Amino acid sequence: MTTLAPTEPLPRFAVFGAGAVGSYYGAMLARAGVPVVLIGRPAHVQAMRAHGLRLQTADFDERIAVHADTDAAAVAGADVVLVCVKSGDTEAAGAALHPHLGPQTAVLSLQNGVDNAERLARVLGRPVVPVVVYVAAGLEGPGHVRHHGRGDLVLAPFPQAARVQAALARAGVPTTVSDAVPQALWTKLVVNCAFNALSAITARPYGWLWAQAGVPEMLRQVVRECVAVAAADGIALDAAALVADVEGIAHSMATQMSSTARDLLRGHPTEVDHLNGHVVARAHAHGLQAPVNQALQTLVHLLEQGRGA
């Protein structure tokens, strides 16, 4: 495991988009004494400033003192910026961050979907590191994040990777650096395409969905469509392994509802256009069809309109 030399200063982190995911990693860094500032929405920031950030896990329940702000300018001076905004906010996030980044600041995209790092890089005019995030966390209210499971990260290689990895390890965040991040992002996208929209449409958890007649075959078709589109984009995926992953999640996360479902229930915009919608758009770009993904995207859009998201 990479470690920091005793005399080497800890890198300074900023979390831009301190929702559930950003708050979890920000809390873990702050708890370990790694300098970090969390940039988030006013109510969440106000609660963190007043009472600290409550991090509730299976192993501990603590209030952690954190630096929090609502202004993107708070990232100034950071060595590492973790971008954790929703996919639909990527370009706006880049525009907000751009004036405040130092020349050597590493920008990491901890977002759903497969193209956020590329989109962010276009706005910033600099490389952005794509990161695969494996964590289940949710905001229970302002200043309170609950961790449900995992927390590991897979980072694409970049010059400061060893130093960043060491700081995350100090914070108890398992991190690997891999050349296979594009494949891993697509793999995660396929699983999200299988469950996120359907869980939102039905307002039901994964285990219940898998147990319903016709659903396993429907999700197999979602996987097949995604694998064909990924292949056209130059990413080779194993359809059989992905179907096994989808079934495994139905059992291991049987009571979990998707983030898309939670967004719909709260009247928030969803990320469906960057999940199933991304597959549909790339399919059309290659002259392919993705009818099940397109149906799921359309149904979520209809629910968004009906619920005012």
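A: In this predicted model, helix α6 and helix α12 pass each other in a left-handed crossing. Helix α6 covers residues 181-202 and helix α12 covers residues 291-307. Their axes come within 9 Å and cross at roughly 35 degrees. On the α6 side, the contact is made by Cys193, Ala197, Leu198, Ala200 and Ile201. Helix α12 contributes Asn293, Leu296, Leu299, Val300 and Leu303. Sorted by class, the contact of α6 with α12 has 9 nonpolar residues, 1 polar residue and no charged residues.

Helix α3 (residues 90-97) packs against helix α4 (residues 116-124) at an angle of about 40 degrees, and the axes are 9 Å apart. Here the crossing is right-handed. Thr90, Glu91, Gly94, Ala95 and Leu97 of α3 meet Asn116, Arg119, Leu120, Val123 and Leu124 of α4. The contact of α3 with α4 has 5 nonpolar, 3 polar and 2 charged residues.

Strand pairing is another kind of contact. Strand β3 (residues 53-56) runs antiparallel to strand β4 (residues 61-64), and 4 bridges join them. The two strands form a hairpin with 4 residues between them. Strand β3 is also joined to strand β9 (residues 144-155), by 3 bridges, and this pair runs parallel. Leu55 takes part in both pairings: Leu55 stands opposite Glu62 in β4, and the bridge partner of Leu55 in β9 is Val145.

Technical notes. Residues are numbered from 1 along each chain as its sequence is written. This is a predicted model: local features need pLDDT of at least 70, side-chain atom pairs count only at pLDDT 80 or more; totals for chains, interfaces and linings use all residues. Side-chain values use heavy atoms; hydrogens and water are left out. Axes are lines fitted to C-alpha atoms, for helices over the stretch in contact, and angles run from 0 to 180 degrees between N-to-C directions. A crossing is left-handed if the near helix is turned anticlockwise from the far one by less than a right angle, and right-handed if clockwise. Contact means heavy atoms within 4.5 Å. Ala, Val, Leu, Ile, Met, Phe, Trp, Tyr, Cys and Pro count as nonpolar, Asp, Glu, Lys and Arg as charged, and the others, Gly among them, as polar. Two strands pair if DSSP finds at least two bridges between them.
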